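Dear colleague,

I am passing on the structure below, followed by notes on what was found in it. Please read the notes with the structure open.

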Amino acid sequence: MQLILMVVLMDDVEQKMNLLKEKKDPGEQDVRKYVRYLLNVKKHSEEQVKDDLKHWKPAMVESAIKDVERENQKPRPQRYYVSLKEPLEDGSLK
């Protein structure tokens, strides 16, 4: 069941990324999302990314590649803390 769900989710992500790729004049966030997808999920090299995105502004693509590489250099956190409790009510707001 989980495997099927993951396949469906990956297909959904791939469809969203294909829609991003087809944009004629994407924003900086969209460029960064698609470059992150190509580098981290599809494991493309920088040259492959540049060849794939020739129809976008080269300066934006270069900047996005540098940003994603900088993100990937940062160490991953050891743990994530999630609180399942409701936030405490502030008595001063009453």
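**A buried arginine and its surroundings**

At 16% relative accessibility, R32 counts as buried, where buried means under 20% relative accessible area, exposed over 50% and partly exposed in between, with a 1.4 Å probe and protein chains only. Please note that this is a predicted model, in which local features need pLDDT of at least 70 and side-chain atom pairs count only at pLDDT 80 or more, while totals for chains, interfaces and linings use all residues. Residues are numbered from 1 along each chain as its sequence is written, and side-chain values use heavy atoms, with hydrogens and water left out.

R32 lies in helix α2; helices (H or I, at least four residues) and strands (E, at least two) are DSSP runs numbered from the N terminus. Leaving aside neighbours within four places in sequence, R32 is in contact (heavy atoms within 4.5 Å) with A64, D67, V68 and E71.

**Helix packing**

The protein has 4 helices and 0 strands, in the order α-α-α-α along the sequence. α2 and α4 pack at an angle of about 55 degrees, with their axes 9 Å apart. Axes here are lines fitted to C-alpha atoms, for helices over the stretch in contact, and angles run from 0 to 180 degrees between N-to-C directions. The angle makes α2 oblique to α4, since under 35 degrees counts as roughly parallel, over 145 as roughly antiparallel, 65 to 115 as roughly perpendicular and the rest as oblique. On the α2 side the contact is made by E28, V31, R32, V35, R36, L39 and N40, and on the α4 side by M60, V61, A64, I65, D67, V68, E71 and N72.

**Core**

The largest nonpolar core has 15 residues, of which Y34, V35, V49, L53 and V61 touch the most other members. Such a core is a set of buried Ala, Val, Leu, Ile, Met, Phe, Trp, Tyr and Cys residues joined through side-chain atoms within 4.5 Å. α1 (2-21), α2 (28-41) and α4 (58-73) each supply at least two residues of this core, and the largest share, 6 residues, comes from α2. Not counting residues up to four places away in sequence, V49 touches V35, L38, L39, H44, V61 and I65.

**Loop and overall figures**

K43 is found in the loop between α2 and α3 (46-52). K43 has a positive phi of about 60 degrees although it is not a glycine, and at 63% relative accessibility K43 counts as exposed.

Buried residues make up 20% of the 94 residues in the protein. Among contacts between residues at least 6 apart in sequence, 54% join residues at least 24 apart.

Regards
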